[in-house]
Amino acid sequence: MAARHLADGEPLLPTEDIKSNADELLRHLSNASGHARFVLSDKQTGIEIELNEDVFEIFRQALIDLSQNRAVQIAPISTELTTVQAAEFLKVSRPHLIKLLEENAIPFRKVGTHRRVELRALMDYAQRMKRDSREASREMSREAQELGLDF
């Protein structure tokens, strides 16, 4: 079967063949030792390229998603999303996202009447929210200990 060439931004929808291949690769990866060396090999040219840990982790995560019948999409961090896509990414409602944009919590640009949000801006916002949440949780725990509360 020939490889499909995906258009920009088109997700890879798992077929039964893709899911089966991803399952098989994951089985082999899980059997590998902690110091395994992973190499891509071109059978025609004999060229082999060793994967570094970061590239390998991207590959592994994609395989996990495909094996669980979830579509996979790799996008540059500069990709611009619609407000519907951005809301889905943050797992919030579109009206809530619009409110965040209008409050300048997340930078965006307008294309005509439509808002576009960079993936990088969404990732930065999500990281800020996680950090703020962790800090608030630590502060609540500290205050609870000072008050002698146990939870």
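A residue is called buried here when its relative accessible area is under 20%, exposed when it is over 50%, and partly exposed in between (1.4 Å probe, protein chains only). At 75% relative accessibility, lysine 91 therefore counts as exposed. Lysine 91 sits in the loop between α3 and α4 and has a positive phi of about 60 degrees, although it is not a glycine. Asparagine 69, also not a glycine, has a positive phi of about 65 degrees; its place is in the loop between α2 and β3 (80–81).

The model is predicted: local features need pLDDT of at least 70, side-chain atom pairs count only at pLDDT 80 or more, and totals for chains, interfaces and linings use all residues. Residues are numbered from 1 along each chain as its sequence is written, and side-chain values use heavy atoms, with hydrogens and water left out.

Helices (H or I, at least four residues) and strands (E, at least two) are DSSP runs, numbered from the N terminus. Helix α1 covers residues 16–31. Its buried residues are Ala22, Leu26 and Leu29. They lie on the same side of α1, because they cover an arc of only 60 degrees around the axis, the arc being that of the directions from the helix axis to the C-beta atoms. An α-helix has 3.6 residues a turn, so residues three or four places apart point the same way. On the other side of α1, Glu16, Asp17, Arg27, His28 and Asn31 are exposed. The cover over the buried residues of α1 includes α2 (53–67).

A nonpolar core is a set of buried Ala, Val, Leu, Ile, Met, Phe, Trp, Tyr and Cys residues joined through side-chain atoms within 4.5 Å. The largest has 14 residues, of which Ala86, Leu90, Leu97, Leu101, Ile106, Val117 and Leu122 touch the most other members. Two or more residues of this core come from each of α3 (83–90), α4 (94–102) and α5 (119–146). Apart from it lies another core, of ten residues, including Ala22, Phe56, Leu66 and Val72.

The strands form an open sheet of three, in the order β3-β5-β4, with antiparallel pairing; two strands pair if DSSP finds at least two bridges between them. β3 and β4 (109–111) stand at the edges with a single partner strand each, so one side of each has no neighbour in the sheet. Three bridges join β4 to β5 (residues 114–118), and lysine 110 stands opposite arginine 115 in β5.

Terms used. The expected span of a helix is 1.5 Å times one less than its number of residues. Contact means heavy atoms within 4.5 Å.
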